[in-house]
Amino acid sequence: MRVSVTEYLDIELPSRRWICNRCGADLGPADRSYKEGCLIANRNPQEVHPVIGTDEHFNFSFDPDWVRLVEFYCPGCGTMVETEYLPPGHPLTWDIQIDLDSFEIRHGKDAQNSLEIGQ
Amino acid sequence: MARAGGDYLMGDLMNSIRLHEGFVYDRHAYGMGPGRDPDLLVGGLEPPSALELEGMETLSAVELEVFQHKITSIVEEARDVYMALSISEGIITGDMNTSVFTAEGDPAVVATGIYFHTLLNYPQVKYILKYYRDNPTVGLSDGDVYFFNDPTCGGVHTFDMFVSAPIFHEGVLIGWAEVGGHQGECGSMSPGGFSPTATTRWEEGLHVGALRIGDNWELRQDILDFFLNSVRNPFVFASDLKARVATCKRIRDRVLREVERRGAAQVAGGLRKILAVSSDLARQRISQLNDGIYRSVMFNDGVGLESGLIRLPTTVIKEGDSLTVINQGVSPENNMGPQHCTWHLMRASMGVYLFTYFFRGLSPNIGLLEPIRTLVEGPSVANCGVEVAHGEGTTISAMNVQNLHVIGSKMLFDSPHKLSVSAPFSRNVMIYVYAGVNSYGYRAANFTGTQNLAGQGARFDMDGEHASGFYWASVTDAGEVEESDMRLPMITLARVIDKDVHGFGKYRGGTPSVEIASAPMAGCDLTTRGASDRLSHNPGIFGGYAGPPNPRFVIKNVDVFKQLSETRDEVELSQYTLAKRHPLSGNYVFSYSSQPTEHFNYGDLFVHGVGGGGGYGDVLEREPDDVMEDLKQNVISSDVARNVYRVVFDSETLTVDGPATEDDRDMARQERLKRGKPFAEFMEEWQKLRPSDDKLRYYGDWPEPNSPGYSKPFWGLFE
C-alpha cells in the first residue's frame, strides 16, 4: 500500500520507498531524504518572482546574491515536489524524517489488507 | 539535562540529536534580576491548590464546557470594551488581549486578539505572588492594580503594556484579570515604540517588571505623573492606561458574579480544570501524527543598523504524544540592533501558529503548550541576554513560527487534521510608525491597521485569502481609514489589493492590501522597521513558491495633492504602478526597511504593504481558468500568467487556449527535467557556493553556526 505524506509524495509499504504519487516514480528509500531521489535545480529567483521597480537590490523580488531558489523535481514526470529558498551553498533541508517502524505499525493493518487484496 | 549542552536528549528519536556544548537550551540565557525571575517562565503549570481540587471535582465534562463558554464570553466582552475605550491605534485594531488567569497565575481563558500576549505576560503575576504578596512593603489586596512592560520579565517589548488585577472573593484569591496590548510610545529613542537602530535595552524607554500603580481600583497620581512625564504622548498614554484598568474591573466584576452563582471553589477549580483538559486534548491531537523528525530553516537579511544574513533553523521531534522544538545552530547575538528574542517569546510565539492551525478547534490557553518542550540555543539572537535591545525580538520568533507552520503542515498531511495544512501566513513585516500632532490636536505615535491586511498562505484545497488579517492576530480588522486619519498624523489615499506580491502555486497565497498614504499639512515623523527586504519569510509548501520580499518604498518631494489636482490623467495609486511606472514626479526611494526616524513633508508618499502568503503545490497544476481570474482581479501580471503558470491565452478576451496550454506545460516539465541535476551532481556544484563575507558578518560559522567546518549535504545532522 501507499500512504500519502505530502501533496506529491507517498511512502510505499512494506518496501519503505518514496514514490511520486503523480507518476509512480521511485524516489529512493524512505529512511533517507526524498530529495536525494529528485532532480534539483539552482535558479535565480527573479526568473519566477517579477522585479517591480528600478532598484537593483530592493525591488519586491529576491536578491540572487543573497538567496537562491532550489527546485526539486520528480525525475519521472517533472512535477515540482518541493522548493527551498537558501543562501547560495547552504545545506539542504532533510524536512521529513519519519520514524518508519512506528509508521508501519500505524498503517500496518491497512498494509496487510492491501497485500491480501493484491494477492 | 538539555541545559548542560552536549548531552543527548531522551527518547529513541531524540537519540539522534545532540545539543551543542556550552549553551543553554531549556531556559533563558540570563538569570535573576530586580523584578525578574526566569524560573517563573520555564516552570510550566502550577499544581492545583486545595480550593481548585475541590472545585475541579464538582464539574462534569459538560458542566466544564458551559463554564468555559461563560468565562470566554467574559473575556470577549472585555476585548470589545477595551477596544472601544482605547484611543491607541494598536489597541483599536486588535494588537491586544484580555484574559482570566488561575489564582496561581496561569492564563486559563484568553480572548481573540493576540493569543501570545497572554502566553507571555503571566510570569509577572507569579512574581507578584512569589516576591511581593508577603512583602510588607508591597502586599496584595483586593482592588490592587499592577502594571508591567519589561520584555525580560515576561513581556514582548516595552511598547506592549499590561495591567493585571487580582480577583478576590471574601478574602480568598480565586484568579486574575489581565488586559493589555501594543500601546506604542514608551519613551524609547524613536517615537511610537519601535526603534530599529537601538542597540541596547537602555534605548528602548520604560522598563517596568511589576509595579502596583493603584489601590482600590484608583490610580496613584504620583505614579501616573511619572509615566506621563516619561512618554511623548501623555494624553494617549493616560487614556489607554485607564481603559486597561476599567476593563480589568469589568472582568473582575463579571467573574465575581459567576462566583455568586457557583461558589468560589468551582470558579477557581474550573479555571484550573480548563488547563488540564486542554493539555490532555493537545496530547491526543499530537498522538494522531506520524512520529519523526521534521525540519525547516529561515533566514533574515538584516540586524537593525545594517544588512546581514541571520539564521534560524527549527527541528521538531514528534514522539508519542509530545513534541520537542529545537532551535540549534542559531546566529549569535550581534549588539547591532533590536532583533534579539527571549526564550519565553520564542515559546509563546509558537501559539500563533499552534492555536490557529495545528490545534484548530481546541480552546486557546497555555495548557496546549504543556506537551511541547522548547529548546532554544542561547546566548543567540533567539535566546539573548538582558543588555541587548529587544524591540524586534518578534522578527526572530516569527521566523520560528514560520518554520513551525511549514513543519506542522508536513506533520498534519497524513492525519485526521489535514484541514489545517497550508503555507504560512505573511510575515514579511514592514511597519510604518507615524508620529506628530493629529487632527484632534494632541500628540500621537503609532502604526495603522494596515498591519491587519496581510495575505494568508495557500491552503491544501484552496487559495489563501487576500488582506486576511494581522500575522499575530488573524481575527482582526484594519479599521476605517477616515478614523485612523483623524487619530494619526497621516492621510490614507488608497488601499489596494496589489499585483505580483503573493506566492504562486497550484493554490496561490493571499495578496496584501497595500496602503498608499501621505503626510498631512504639518508633515510628520516616520520610523520604519521590518525584515525580509531581499529575501522572504513567507515560504510556500509542497512545491509552492514563496511570497516575495517587501522592502521600504517611499516617494519624497512629490506633493501628491498638487500633482493629482493638476493632472488630467487618472493616476493609479498602487505599489505596482508607482514602483514600475513612476507616474508622479518625485524621489522614489526603495531601501532596507529598518530606518531611523525621519521627517516627511506634506504630500510625500508612503507605500506600505505587509506581504503576501506563500503558495501551495506546483504552479503547473493550477487551473488555467483560475489563473485568468487572478489576471482579471489584477493580482498577477500577464507575464506571470504566461511565464510562471504557463497558460496560453488571448490577451484581449482572457480566454484560455486549452490544448496550447497543455502543450506549453508539457514543455515546461521537459525544461525542468533538462535543467534539474541528480543529487550528487547538484551537491558537487552547490557546495562550492557561499555568500560573500560582508553578508556573513553576523551569521556565525558558515553554514552551521556553532559547528565550524560543517560540510554535510543536509543541515542539522549532529549524531
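This is a predicted model: local features need pLDDT of at least 70, side-chain atom pairs count only at pLDDT 80 or more; totals for chains, interfaces and linings use all residues.
Across the interface of chain B and chain A, the rule finds 7 salt bridges, a salt bridge being a side-chain nitrogen of Lys or Arg within 4 Å of a carboxyl oxygen of Asp or Glu. One of them joins A:Arg106 to B:Asp414, with the closest N and O atoms 3.5 Å apart. Residues are numbered from 1 along each chain as its sequence is written, chains are lettered from A and ligands numbered from 1 in the order in which they are written, and side-chain values use heavy atoms, with hydrogens and water left out.

The rule also finds 32 residue pairs in polar contact between chain B and chain A, both residues at pLDDT 80 or more. A polar contact is a pair of N or O atoms within 3.5 Å; within protein, one must be able to donate a hydrogen and the other to accept it, and residues adjacent in sequence count only if both atoms are side-chain atoms.

Which elements of chain B supply at least two residues each to the side that touches chain A? They are strands S8 (292–302), S9 (307–319) and S18 (587–591), together with helices H14 (575–581), H17 (658–675) and H18 (679–686). Helices (H or I, at least four residues) and strands (E, at least two) are DSSP runs, numbered from the N terminus. S8(B) gives the most, with 8 residues. By class, this side of chain B has 43 nonpolar, 17 polar and 21 charged residues; here Ala, Val, Leu, Ile, Met, Phe, Trp, Tyr, Cys and Pro count as nonpolar, Asp, Glu, Lys and Arg as charged, and the others, Gly among them, as polar.

S8(B) also pairs with strand S8 (residues 96–98) of chain A, in the antiparallel sense over 3 bridges; strands pair if DSSP finds at least two bridges between them. Within this pairing, A:Ile98 has B:Gly292 as its bridge partner.

Turning to extent, 81 residues of chain B and 67 residues of chain A take part in the contact, which means heavy atoms within 4.5 Å. The buried area is about 6300 Å², 63% of it from carbon and sulfur atoms; this is the accessible area (1.4 Å probe) that two parts lose on being put together, summed over both. B:Arg534, B:Trp686 and B:Phe714 supply 13% of the area that chain B buries against chain A, more than any other three residues.

Next, the domains within chain B. An automatic or database domain assignment divides the chain into domain 1 (64–256), domain 2 (290–417 + 676–719) and domain 3 (422–617). The C-alpha centres of domains 2 and 3 lie 26 Å apart. About 2100 Å² is buried between domain 2 and domain 3, with 55% given by carbon and sulfur atoms. On the domain 2 side, B:Asp301, B:Tyr357 and B:Gln402 lose the most area to domain 3, together 25% of what that side buries.

How many salt bridges are counted between domain 2 and domain 3 of chain B? The count is 1. B:Glu392 and B:Arg529 meet in a salt bridge at 3.7 Å, N to O. Helix H11 (393–412) of chain B is among the elements supplying at least two residues to the domain 2 side, and H11(B) gives the most, with 11 residues.
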